[in-house]
Amino acid sequence: MTMTDTSLLHQAKQWLSIDLNPTTKRHTQNLVSSLESCDNSADTAAARLELAPLFSKRIGFGTAGLRGRMQPGPSGMNDLVVVQTAQGLASYIKCIGNAVDGVVLKAVVGYDHRAESAFHLSSKQFAIYTKLVFEEAGIECVLLDGFVATPLLAFSVTALNATVGIMVTASHNPKNDNGYKVYWRNGCQIIPPIDEEIAAAIVEETNLTPWCDYAERLRRLKDAQDSEDSTTCGECYGLSDVPITKEMEDRYFSTIQCSGLVSMEKFSKDDSSLPKFAYSAMHGVGHPYAKRSFQTFHLPPFYMVPSQCDPNPEFPTVPFPNPEEKGALNEAMDYAAKNGCDVVLANDPDADRLGVAEYSREGRKWTMFTGDQIGTLLGIWLWETIGKKSDKPVAMCASTVSSKILATVGKQEGFLFEETLTGFKWIGSRALYLKEQGYKVLLGYEEAIGFSCGDIIPDKDGISALGVVATMACHLYSRGKTLAIKLQEIYDIYGEFACNNGYYRCDDPAVVMSIMEQMRNDGKYAQHVGRYSVESVRDLGSPGYDSTTHDKKPLLPTSASSPMITFRFTNGCVAQFRASGTEPKFKYYIELRGSRGEKKEDVEKRLHEMSCVLLEELLNPTQNGLVIPSSL
């Protein structure tokens with residue numbers, strides 16, 4: 001037996017001694033027994049191969065929480081990792097509470113439908129253990145009953161005046177993944193330094209060992225429910241709060257109703273000029289929320305894509321249940337075509353994102369709108385219907401990798417547009433700040449189909465955005481227009497904005513950092529890339545640089561571990577480069593604004609030519625071993 005095997009077995013046995021889940025415990029024990037046999041069999045080799053990644057490192061707490069594959073060991077999402085995380089989080093907020101007199105600590109927890117049957121792991125069980133941990137810590141904890149959409153959890157944090165919120169979901173990730181998303185008392189996803197402080201609390205020795213026998217508590221609760229009338233206990237053995245869940249749902253939709261987002265225009269289901277909508281929940285939790293959203297916005301009922309209507313943790317028709325993934329809307333579009341629908345609306349499984357597609361009866365083809373295009377349509381619609389009449393100054397914000405078209409519109413129309421770092425935690429935090437400064441924030445969005453309309457919640461919300469997009473479509477169709485026609489009208493006024501967003505696969509983080517250093521060139525950033533002249537450079541790595549500011553320091557936060565470099569060119573092109581925080585991808589976002597009156601095809605041709613030069617000159621894909629997207 002090698003020293004590596006000895007260390008691996010030691011870690012696995014330590015884990016086994018405190019694992020709450022009999023199934024993951026048994027699976028790990030079988031692997032340990034195979035490795036301890038010390039023979040050279042295929043079973044021993046297979047056990048070593050499986051154990052190593054399970055115990056090689058701990059799943060990272062960042063980007064608003066946890067996200068990973070449901071599997072045994074500290075590297076995965078499982079009952080013990082969740083208990084450890086909840087104990088660290090509970091300890092952290094108790095320290096915060098002790099520092100401020102009179103603070104009443106409270107947590108609110110929601111969960112979706114994800115489950116891994118092979119290991120008896122599920123979002124529901126993770127949420128229940130979280131509730132038990134907070135009870136053990138002496139902290140009031142509201143567990144929402146049944147599968148809930150992520151926007152409802154975010155809303156409930158502020159509605160219940162909670163200190164912290166936890167949503168157990170992996171959003172649009174593949175079926176084997178799960179996540180643990182943490183919200184702060186302002187209803188926004190956590191940002192530094194809170195996330196770093198929570199991460200440190202989780203790995204404190206006192207929080208890595210369960211404080212009590214949570215599994216035994218859960219067994220007693222299950223046994224008690226089996227002997228009683230379960231219809232009065234809710235979905236979580238009496239731990240969830242059915243009345244509060246209903247109250248939160250009612251208040252959420254009431255807030256939408258009173259937000260100004262709901263049009264005074266009345267649409268009749270008998271009006272033949274209105275579009276027909278097909279809706280997909282992507283095998284997630286969105287259907288009942290989408291249905292009530294349409295009712296709240298006084299819209300005619302939609303057609304439900306039946307094969308994707310109900311929550312299904314297997315996601316049988318979409319291996320990657322993200323509406324922006326290529327092919328993800330095919331099932332919905334096929335159903336829509338058979339039923340004469342004009343517009344497809346799709347939420348991702350936890351209903352915080354929104355995808356939109358539209359069928360052209362003249363061109364006889366579908367248009368899948370990008371996140372930037374949906375954001376543009378929403379921004380213009382909210383400005384025209386609400387912003388122009390506002391008695392407060394209006395603001396919108398978007399991630400820095402999103403399109404710049406609303407910035408252009410804002411300059412001409414007179415509203416403030418601000419950029420943030422990528423991630424809705426930054427968009428939501430900035431929106432809250434702007435609201436405190438007296439602005440009416442109409443929209444926050446990111447190009448990854450995340451939208452926050454109005455001030456319902458400071459997080460992406462696919463349920464309220466669904467109602468706004470559908471209202472806009474009804475308004476346009478009743479006047480003989482479509483979403484695509486409206487979008488083209490916007491481009492005709494402000495110029496075409498052509499985008500080329502993509503990525504290279506890069507499995508070695510050191511290569512990414514090396515490429516970034518090449519771009520920095522010891523602080524002598526390129527003034528030309530090929531034949532294209534650079535107007536300005538912004539580097540959000542550490543210590544940071546911005547050629548446009550007086551002190552040469554960027555206005556956005558910098559990060560040594562998550563750098564991003566932006567080149568602006570004299571021809572109006574903006575090119576941005578960064579590494580993904582969750583995947584082995586080196587991403588690029590290149591956008592070119594055309595001159596007013598310049599044809600879309602001509603702008604796209606110029607963008608294509610320029611993109612080829614920028615990617616080759618700045619990234620050197622072949623030399624740096626980047627995997628070209630077309631060969632993935």
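The following legends describe close-up views of a predicted model.

**View 1. The largest nonpolar core.** This core holds 84 residues, of which Phe-277, Leu-345, Val-356, Leu-378 and Leu-382 touch the most other members. Helix H16 (residues 462-477) gives the most to this core, contributing 11 residues. Another core, of 61 residues, lies apart from it and includes Leu-35, Val-81, Tyr-129 and Ile-194. In soluble globular proteins, nonpolar side chains tend to be buried together.

**View 2. Surroundings of Leu-378.** With residues up to four places away in sequence not counted, Leu-378 touches Leu-443, Phe-451, Cys-453, Val-468, Val-469 and Met-472.

**View 3. The buried side of helix H11.** Within helix H11 (residues 287-296), the residues Tyr-289, Ala-290, Ser-293, Phe-294 and Thr-296 are buried. They lie on the same side of H11, because they cover an arc of only 160° around the axis. An α-helix has 3.6 residues a turn, so residues three or four places apart point the same way. The packing partners of the buried H11 residues are strand S5 (140-147), helix H6 (150-159), helix H10 (242-257), strand S9 (277-280), strand S11 (343-347) and H16. Just after H11, His-298 adopts a positive phi of about 60°.

View 4. Phe-277, Tyr-279, Phe-294 and Phe-302 form one aromatic cluster; the whole structure contains 14 aromatic pairs. The ring centres of Phe-277 and Phe-294 are 5.5 Å apart and their planes stand at 85°, so this pair is edge-to-face. Phe-277 in strand S9 and Phe-294 in helix H11 are 17 residues apart, and their pairing links distant parts of the chain. Phe-277 counts as buried at 2% relative accessibility, and Phe-294 is likewise buried, with a relative accessible area of 2%. For Tyr-279 and Phe-302, the ring centres are 5.1 Å apart and the planes are at 40°, so the pair is tilted. This pair also links distant parts of the chain, with Tyr-279 in strand S9 and Phe-302 in the loop between H11 and strand S10 (303-304), 23 residues apart. Tyr-279 counts as buried at 1% relative accessibility, and Phe-302 counts as buried at 15%.

**View 5. Ser-91 in helix H4.** Ser-91 lies in helix H4 (residues 79-98). Its relative accessible area is 19%, so Ser-91 is classed as buried, the cut-off being under 20%. Leaving aside neighbours within four places in sequence, Ser-91 is in contact with Asn-207 and Trp-211.

**View 6. A charge over an aromatic ring.** The charged end of Lys-585 sits over the ring of Tyr-503, 4.2 Å from the ring centre.

Definitions and conventions
Residues numbered from 1 in each chain as written. Predicted model: local features only at pLDDT ≥ 70, side-chain atom pairs only at ≥ 80, totals over all residues. Heavy atoms only, no water. Core = buried A, V, L, I, M, F, W, Y, C linked by side-chain atoms within 4.5 Å. Buried < 20%, exposed > 50% of the residue type's maximum accessible area, 1.4 Å probe, protein only. Helix = DSSP H or I, 4+ residues; strand = E, 2+ residues; numbered from the N terminus. Contact = heavy atoms within 4.5 Å. Arc of directions from axis to C-beta. Phe/Tyr/Trp six-rings, centres within 6.5 Å; stacked < 30°, edge-to-face > 60°. Lys NZ or Arg CZ within 6 Å of the ring centre and 35° of its normal.
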